[in-house]
Amino acid sequence: MIKLIKFGAKWCAPCKKYDPILDKYQENNPADEVIRVDIDDSPELAKRYNVQTVPYTVIYVNDDIVGGFKGAVTLRKLEEVVSQYRKGL
């Protein structure tokens, strides 16, 4: 199973633009899990994941962190990145 955790904030413009992309990704990949974490509401969790900038996305495969990336990406790029990790399932 693929799980994406997106760290963001209400005040972050790129985060707001990225949310609809994550929504569409979730719609296209209903078996995957997409979790959103606001760093202002969960600073301890952001610290645990060493989030330095937002948006920041962490990728899990079968409960193991396999990657992560900074910034908002297009739907196509997000699906390309995740597909690299999906091959190992």
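Visitor: What does "partly exposed" mean here?
Guide: Partly exposed is the range in between buried, under 20% relative accessible area, and exposed, over 50%. Keep in mind that this is a predicted model.

Visitor: OK. So is Arg36 buried, exposed or partly exposed, and why?
Guide: Arg36 has a relative accessible area of 38%, so it counts as partly exposed.

Visitor: Where is Arg36 found?
Guide: Arg36 is part of strand S2.

Visitor: Which residues is Arg36 in contact with?
Guide: Setting aside neighbours within four places in sequence, Arg36 contacts Lys6, Asp19, Leu22 and Asp23.

Visitor: Which side chains does the Arg36 side chain make a polar contact with?
Guide: One is the side chain of Asp19, at 2.9 Å. Another is the side chain of Asp23, at 2.6 Å.

Visitor: How far apart are the C-alpha atoms of Arg36 and Thr57?
Guide: They are separated by 9.2 Å. Along the chain, Arg36 and Thr57 are 21 residues apart.

Visitor: New topic: helix H1. How many residues does it have?
Guide: Helix H1 has 16 residues, numbered 13–28. From first C-alpha to last, H1 reaches 24 Å. That is close to the expected 22 Å.

Visitor: Which residues in H1 are buried?
Guide: Cys15, Tyr18, Leu22 and Tyr25 are buried in H1.

Visitor: Why would residues three or four places apart point the same way?
Guide: An α-helix has 3.6 residues a turn, so residues with that spacing point the same way.

Visitor: What covers the buried residues of H1?
Guide: The cover includes strands S1, S2, S3 and S4, along with helix H3.

Visitor: How many disulfides are there?
Guide: The count is one disulfide. It joins Cys12 to Cys15, with 2.4 Å from S to S. The link of Cys12 and Cys15 is right-handed, with 80 degrees about the S-S bond.

Visitor: Are those two cysteines buried or exposed?
Guide: Cys12 and Cys15 are both buried.

Visitor: Now the largest nonpolar core. Which residues touch the most other members?
Guide: Ile5, Phe7, Ile39, Tyr49, Val51, Val54 and Val58 do, out of 14 residues in this core. Strands S1 and S3 each supply at least two residues of this core. The largest share, three residues, comes from S3.

Visitor: What about another core?
Guide: Another core, of 13 residues, lies apart from the largest one. Leu4, Ile59, Phe69 and Val82 are among its members.

Visitor: Back to Val54. What does Val54 touch?
Guide: Not counting residues up to four places away in sequence, Val54 touches Phe7, Gly8, Trp11, Cys12, Cys15 and Ile39. Among them are Cys12 and Cys15, the pair joined by the disulfide.

Conventions. Residues numbered from 1 in each chain as written. Predicted model: local features only at pLDDT ≥ 70, side-chain atom pairs only at ≥ 80, totals over all residues. Heavy atoms only, no water. Core = buried A, V, L, I, M, F, W, Y, C linked by side-chain atoms within 4.5 Å. Buried < 20%, exposed > 50% of the residue type's maximum accessible area, 1.4 Å probe, protein only. Helix = DSSP H or I, 4+ residues; strand = E, 2+ residues; numbered from the N terminus. Contact = heavy atoms within 4.5 Å. Expected span 1.5 Å × (residues − 1). Disulfide = S-S within 2.5 Å. Polar contact = N/O pair within 3.5 Å; in protein donor to acceptor, adjacent residues only side chain to side chain.
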